[in-house]
Amino acid sequence: MLVLTCPYCGVAAEETELHAGGEAHLKRFGPGASDEDFTGYLFGRENPKGVHFERWLHANGCGKWFHAARCTATLELFGTYSAQLTEPPEPIRKAISAKRPGWRWREFS
Amino acid sequence: MKRYSAFAVAREAMTYHQGWERAWRSPEPRDAYEVIVIGAGGHGLATAYYLGREHGIKNVAVIEKGWLGGGNTGRNTTIIRSNYLQDPSAAIYEKARALYEDLSQDLNYNIMFSPRGVMMVAQTHHEVRGYQRTAHANALQGVTTEFITPERVKELCPIIEINGPRYPVLGALWQARGGTARHDAVAWGYARKCSDMGMDIIQKTEVTGIRQKNGVVTGVETSRGPINCKKLCIVVAGHSSQLAEMAGFRLPIESVALQALVSEPIKPCMDVVVMANTVHGYLSQSDKGEMVIGGGTDGFNNYTQRGSFHHIEETVRALTETFPMLARLKMLRQWGGIVDMTGDRSPILSTTPLGNTFVNCGWGTGGFKAIPGSGFAMAELVARGEPGPLAAAFSLGRFTEGRFIDESVAAGVAH
Amino acid sequence: MSTRLTRAGRLIDPTRPLEFRFNGKRLRGFAGDTLASALLANDQMLVGRSFKYHRPRGIVASGAEEPNALVNMGAEGRFEPNQRATTTELFDGLSATSQNHWPSLEYDIGAINTHLARFLPAGFYYKMFIHPRPFWKHVYEPFIRQSAGLGRAPKARDADRYEHFYAHVDLLIIGGGVAGLQAALTAGRAGRRVLVIEQTPHWGGRAPVDGGEIDGQPTEAWIGDALAALSEMANVTLRNRTMGAGIYDHGYALGYERVSDHAPDGGDAPRHRLWRIRARHILSATGAIERPLSFAGNDLPGVMLAAAMRDYLVDYGVSPGDRTVVVTNNDDAYRTAIALKEAGLEVPVIADARDHATGPLAERARGMGIRVETGMGIAAVKGGKRVTGVALCAQAGEGAAREYVACDAVAMSGGWSPVVHFWSHCGGKLTWDRAGAMFRPDADHPPTGQDGLPMVTAAGAANGAMMLDACMADAVAQARLATIAAGGKARKTAPPEVECAAEQAIEPVWIMPQGAPIEARSKMWLDFQNDVKVSDVQLAAREGYESVEHTKRYTTLGMATDQGKLSNINGLAVLSDALNAEIPATGTTTFRPPYTPISLASLGGEAHGELFQPIRKTPIHDWGDANGADWEPVGLWRRAYAYPRDGETVEQAVAREVTNTRENLGLLDASTLGKIIVQGPDAGRFLDMLYTNMMSTLKPGRCRYGLMCSENGFLIDDGVVARIDDQTFLCHTTTGGAERIHGHMEEWLQTEWWDWKVYTANVTEQFAQIAVVGPNARKLLEKLGGMDVSPEALPFMAWADGQIGGFDIRAYRISFSGELSYEIAVPASQGRAFWDALMTAGQEFGVMAYGTEALHIMRAEKGFIMIGDETDGTVIPQDLGLDWAISRKKDDYLGKRAQVRSFMANPERWKLVGLETLDGSVLPDGIYAVGQGRNANGQANVIGRVTSTYHSPTLNKGIAMGLIQRGPERMGEVVEFARTDGGRIPARIVSPVFLDPEGERQNV
């Protein structure tokens, strides 16, 4: 039963207020994209056991999407941030490095 | 291998059962095998077994990080059915169900397959139409099902409330030859037979890397050293993505927690398995007397084997509404497993970008019922290097082609 | 015999006698009794039968760990199986029956199994009943099922009430013993919000029974002072009869309060209250549970845990036996011997398995004249349904009897195990404490919370600090850490002064005697309820079930209703020994919630019956109720399927509604249709991405039908979009789609095109919408008067704001029936009044309400698709002949890339057509069209299926829509549909538009 703090409204939201939205920072591929890119975008997933970046919706709250950095092996939360960023912000990456030195996730580390 | 029988049990009783031999050996790994199967769950062990039985390939090791049968094989609600809508699903699940019928005799291990019947109750008009469609499809797929009336539902399952205030039962899709089996015994029975065929089941051994040369697999690194192989078969459910990463490719898989619970044991009161999809719950009674209840999945990636409690609450709430007598029973134990969900919620039995490497995963919430069929189809794929008819539709390529096998279609939204 | 002593127990009120029944027998107890203590007071030691062998079972424990004393309680809507007698408070009129026997508790036919036990070892069923195959289902399994199970299945609907309660605290303390209370004092004084929950009705745990002094006063007095101090603190809440049930991630915990189990006729109080707690930190002060010893016959009624026997004596004034042999491997059991002796009961011998016993407790026992034999164990317990004596033997030997001692009770103690459940539920690790012979929390591997820091602190006996002095010292130290973890400040303080007897170290004894032969090991019970013996665990190990999880599952050790509270440690010690492994290498099984079983009804809380789920009602819902609506759930909405009149079947009503709408005038409550406003400078651009067709070119005042696909290409919703002004669109969605589609829009807006200037608002519930349909539709609106609704002023696919009958409305000239049709939106508050006005004024035009089924039939007659019928998540717009609604001009829209994938572009795809049977009959729902031959898996090849099928009252024949392989190219062909009984129904492929293909009826 997770608690995530919504970066928009500041509420420490119960999981029942939230809706999980899957992997964050997916790059959209549209018409003209190669089969590989398009399939990767729709279905290819990191699914790591460890540090993960994911999307959440504060569904029964302010209605905003946001991003969370979370460990899938311990459920530890490293931070939440705006969904309108194309990569995890530096403070969050530092916070993760402090706790999971040497972490990697796609091109981020 | 000493055969199991009532006579053997009686004979061993004379010496207080001190004469029983090991059900499976616990060997040191050899340097090389023809085939390595990673994952000694039901699917992995069944793959090994049918490699031996159907294809004569017995130089096989099954490598397991923990203890055999300790993943989802030992954590599910043991339902066996094959009343699927789409042709490829119906084919593989029906193959599995048919193999289950004889599995106790085949393995000489009582896996307690109990064809007590499975009903999926329809509680909206939309569901009625969905199940009628499935019944029509099943008739052409060689899967024996029928759409039955609420009165017949009540007759088969007297504890169900068919006139509930919110979701009355409008009918059900009934598969009389579906049922349950003893989940652990399935893994144990396969393990015993595999071991008897000379295969090595290597427990408590973690695969830490996959060795390859020129795009073809050559072996695995393990916590007990490297082991070579000609062919590699990855059957690790929720941990598929980690193994795929070692092999250098990505899978359309996400790992999430799925939960279940049991009540305290009571005397028999329910002879069938009931699934109620509108309210997201399924229920059966184990031979021990516990009411076995399946819950929902979390929406987020999770490897902890613990789920969020509100799913338990929702499931129990729905089931006590449909089965009012449950209210005064008590929850004895709840648990979770990590299930591997694919993009279309159907499994993957496929070749992979790495040569001579095969993957069997993505069974999600419904893998137990498929174990024998999955093993049978996978063995064929591994032995031949290309899929037979049962596995063909479940390739990785379907995600690129847009050729999905979507079983959730009956749950589409109406109006 | 077991009996009530004249000296009252500390928890009993001897002035309040109570009457209760057990198996129909009238018995007496006192207020303060548990059912178990009251049964013992009435010499009812035999209380049940075991699971497998149906062996006689007596009360063995005094608390939540009791595996044997499970009873059926109550009757009818208050009947409940498997109630634990040791945690059931006695009340006047309580009625209980014992379980799992036939015909009676005393004479149980099933007890034959105990004589067959030798043939029924662990896992025997895996080796037997294999042949012949049909026998498992028809013979063996029914027999096994019948003899398994425990209590009877309830039949009636639950008569009680349950509720949920929410608490947000800084520190949750589970366990109200001395450690928990000490921790509460520390955290409470630090100003933290503290909740202390205690499963029993009493505070202080077992300290008052065990004796000792804290701060110079007896423990009981210290407990009283602590409670007084805590109740003065506004920031501390104390709840007894509230068990910690489980801990979940991020500090979520469940408390299970048994509000009125002890007073079932206490008015309207709920029976159970489920506490849903969020805590910054959790302190587990849950104490410890005593372990049995494994000797032959340790399961006979009369053999009890030593501490439990002391509880019955001290707390309830009940002596379980007149002559009690004490057998132990530690000092604690001496307390029981001393207490028995002090109560004037006989203790013929203390058999201590250790080779010496020189601690103060042993000396005291000796001083009281109790015979203490060291290095001694029990070779066998004699008796049937009750202990009659024990044979003593050397612990180090193989069990040669040294001496026979007559007795009617045996008090055993194999040491103590901390209750580590709450440490373990979220992944805290355990460490093996060799000196204490126990698993205790490993402070280096605690369960962690959302911040990665420890989420749970264990304190006192739950942390392995067993003696009172150590327990209090640990409680003080851990309370400080927990208080800090809960956000408070706490200084290091000295622990209170504690006086308690020093104890000589325990010596682990897992089998008694050490060299017991197999015959004896086959009678040493580990799991009393499930009949798992030492020999079973050894068999499992021998057969290769080496993992502790394998052994558990193979033998069912620890799977009984006590979930291994008594048996697990002994079992895994035996397993380790059999494997020649260290105990920590073998490890434990996983601790899972709940701590003890909790009622399923409590999980549901108030949410049952009418409160099961919310019902969404349109403003016109009550009219439907008053006019016979046959309701259909659609999501959480209720929609009227039809409005049958007196003497009409639902089918007749539907036919009447269709005919009347086509010939006269029908009203449909369409309020549930989704209405989403999309506004902003980029609204048109945004909708161009969401819909397959072009929306940005729509003119204000006009409507356009649109299709929405997922990024995966599949059709997910449809509806009419109206352009309100240059920057504003109103998008209609399907009934089930409003929230989903609004969410879909927001998701794309917020996470992909966040720089686009667009706002969306879901105004579905702000407006009632009524479809006025049929040839008389315009007449009705004109009669009511107001805005110009003529075809010139309001042509097909236009909309306008205005007034009708004095109501402010917005009228859309759109039609889902093929008739002249106005969909009219009014503010929700006016919905019912407007409906009534239409109904009244419409009488002269033959107005009737119609429901969703008539709606469906009329749309099918016109060949309009329905999301959820023609679509099922696998259908793309191209399959439905909707290419006209897919813009070719746009570079991009959601789903466009997906729709060019090879399988989607395949010309062999099944496409929408109309279908007519040759004889006019109605095709069955969901029927498939068959092709030639079979596929590689032996399945009949199929070439299509029916998606919608109805009897058309207008055309008086069956009509259907379906998806057929290359369907549109095969107009006029006859294809065969396969009935489930093997029969075939031929049907002709026709246009899906069955009625008025030119649209003459709607364009008037």
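This is a predicted model: local features need pLDDT of at least 70, side-chain atom pairs count only at pLDDT 80 or more; totals for chains, interfaces and linings use all residues.

Start with the two domains of chain B.

How many residues of each domain are in contact? Domain 1 of chain B puts in 23 residues, and domain 2 of chain B puts in 21. Look at the domain 1 side of that contact. Its residues split into 8 nonpolar, 12 polar and 3 charged.

Now a helix pair, still in chain B. Helix 3 covers residues 87-101, and helix 10 covers residues 371-384. Their axes come within 6 Å and cross at roughly 110 degrees. Angles from 65 to 115 degrees count as roughly perpendicular, so helix 3 of chain B is roughly perpendicular to helix 10 of chain B. Is the crossing left-handed or right-handed? Right-handed, for helix 3 and helix 10 of chain B.

Who makes the contact? From helix 3 of chain B, the residues are B:Ile92, B:Tyr93, B:Lys95, B:Ala96, B:Leu99 and B:Tyr100. From helix 10 of chain B, they are B:Ile371, B:Pro372, B:Gly373, B:Ser374, B:Phe376 and B:Ala377. By class, this helix contact holds 9 nonpolar residues, 2 polar and 1 charged.

On to the chain interfaces. Chain C and chain B first. This contact takes 104 residues from chain C and 94 from chain B. On the chain C side, the largest share comes from helix 4 of chain C, residues 133-147, with 7 residues. The chain C side as a whole counts 45 nonpolar, 35 polar and 24 charged residues.

There is strand pairing between these chains too. Strand 16 of chain B, residues 330-342, runs antiparallel to strand 34 of chain C, residues 598-599. The two strands are joined by 2 bridges. Which residue of strand 34 of chain C stands opposite B:Met331? That is C:Ile598.

Last, chain A against chain B. Here 18 residues come from chain A and 19 from chain B. On the chain A side, strand 3 (19-23), helix 1 (35-42) and strand 4 (51-57) each supply at least two residues. Helix 1 of chain A gives the largest share, 3 residues. By class, the chain A side has 6 nonpolar, 7 polar and 5 charged residues.

That's it from me. Questions, please.

Terms used: Residues are numbered from 1 along each chain as its sequence is written. Chains are lettered from A and ligands numbered from 1 in the order in which they are written. Two residues are in contact if their C-beta atoms, placed from the backbone, lie within 7 Å. Ala, Val, Leu, Ile, Met, Phe, Trp, Tyr, Cys and Pro count as nonpolar, Asp, Glu, Lys and Arg as charged, and the others, Gly among them, as polar. Helices (H or I, at least four residues) and strands (E, at least two) are DSSP runs, numbered from the N terminus. Axes are lines fitted to C-alpha atoms, for helices over the stretch in contact, and angles run from 0 to 180 degrees between N-to-C directions. Angles under 35 degrees count as roughly parallel, over 145 as roughly antiparallel, 65 to 115 as roughly perpendicular and the rest as oblique. A crossing is left-handed if the near helix is turned anticlockwise from the far one by less than a right angle, and right-handed if clockwise. Two strands pair if DSSP finds at least two bridges between them.
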